[in-house]
Amino acid sequence: MVDTAREFLQNITAGELADRVSQLRFAPHKPHAEPSFYEYSILRGVRLDSVRLDSTLYCSFTVPARLTDRNGKLSAGAIASLVDEIGAAAIHKCGKPMDVSVDMSISYISDAKMNDELEITSRCLGQRGNYHSTGVLIRNRTTGEVVAQGRHSLFSLPVTASKL
């Protein structure tokens with residue numbers, strides 16, 4: 001089992017492409033002030049179509065090649081990242097620090113392939129104090145199939161008053 005895991009990881013992290021990726025350099029970002037390279041890579045291409053008064057977000061997204069696995073399907077990691085980022089966006093308040101993820105569960109139901117058009121709906125399911133729960137539904141716009149459904153729990157950091 002250990003040898004199989006080692007071989008799997010070595011195959012992913014070896015070769016010319018892996019070497020080229022490891023040589024990329026990115027300037028550090030300002031936390032809570034600008035997106036990281038990771039956030040930018042995941043969220044680039046997500047379009048906010050509408051927002052309801054109850055803070056439900058309706059987004060659309062075309063699956064790009066950069067987020068697909070070796071089989072040409074939207075990777076599980078990319079789906080988890082979309083649930084994380086778009087779930088947090090449903091409760092984020094401008095000017096305040098981003099919330100901290102506490103728990104996330106995702107049901108992977110069907111595949112999405114490169115160039116599939118997805119609908120992503122995110123809404124706050126409830127709040128108690130600084131604790132929030134969100135639900136994210138990712139659906140294939142053409143077929144109507146649910147790709148994934150996630151629940152995301154977050155804790156809002158208390159805003160402290162400046163001592164100046």
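This is a predicted model: local features need pLDDT of at least 70, side-chain atom pairs count only at pLDDT 80 or more; totals for chains, interfaces and linings use all residues.
Is aspartate 54 buried or partly exposed? Aspartate 54 has a relative accessible area of 41%, so this residue counts as partly exposed.

**Confidence**

The chain has a mean pLDDT of 83, with 76% of its residues at 70 or more. Confidence is highest in strand β2, at 96. Helix α2, residues 16–22, has the lowest confidence in the chain, with a mean of 65.

**The sheet and its helix**

Six strands make up an open sheet, and their order is β1-β2-β4-β5-β6-β3. The strands pair in the antiparallel sense. Strands β1 (47–51) and β3 (100–108) each have a single partner strand, so they stand at the edges and one side of each lacks a neighbour in the sheet. On average, neighbouring strands are turned by 20 degrees against each other, direction ignored.

**Serine 122**

Strand β4 contains serine 122. Its relative accessibility is 0%, and the cut-off for buried is under 20%, so serine 122 counts as buried. The side chain of serine 122 comes to 2.9 Å from the backbone oxygen of isoleucine 86. Leaving aside residues up to four places away in sequence, serine 122 touches Ser55, Thr56, Leu57, Ile86, Gly87, Ala90, Gly135 and Val136.

**Salt bridges**

The structure holds six salt bridges.

| Salt bridge | Closest N to O distance |
|---|---|
| Arginine 47 and glutamate 117 | 2.5 Å |
| Glutamate 119 and arginine 141 | 3.2 Å |

The salt bridge between arginine 47 and glutamate 117 has its closest N and O atoms 2.5 Å apart. This pair links distant parts of the chain, with arginine 47 in strand β1 and glutamate 117 in strand β4, 70 residues apart. Arginine 47 has a relative accessibility of 35% and therefore counts as partly exposed.

Glutamate 119 and arginine 141 also form a salt bridge. Here too the pair joins distant parts of the chain: glutamate 119 is in strand β4, arginine 141 is in the loop between β5 and β6, and the two are 22 residues apart. Glutamate 119 is partly exposed, with a relative accessible area of 27%. Arginine 141, at 39% relative accessibility, counts as partly exposed.

These residues belong to a network of salt bridges that links Arg47, Asp49, Glu117, Glu119 and Arg141.

Terms used
Residues are numbered from 1 along each chain as its sequence is written. Side-chain values use heavy atoms; hydrogens and water are left out. Two strands pair if DSSP finds at least two bridges between them. Helices (H or I, at least four residues) and strands (E, at least two) are DSSP runs, numbered from the N terminus. Axes are lines fitted to C-alpha atoms, for helices over the stretch in contact, and angles run from 0 to 180 degrees between N-to-C directions. Buried means under 20% relative accessible area, exposed over 50%, partly exposed in between (1.4 Å probe, protein chains only). A polar contact is a pair of N or O atoms within 3.5 Å; within protein, one must be able to donate a hydrogen and the other to accept it, and residues adjacent in sequence count only if both atoms are side-chain atoms. Contact means heavy atoms within 4.5 Å. A salt bridge is a side-chain nitrogen of Lys or Arg within 4 Å of a carboxyl oxygen of Asp or Glu. pLDDT is the predictor's confidence in each residue, from 0 to 100.
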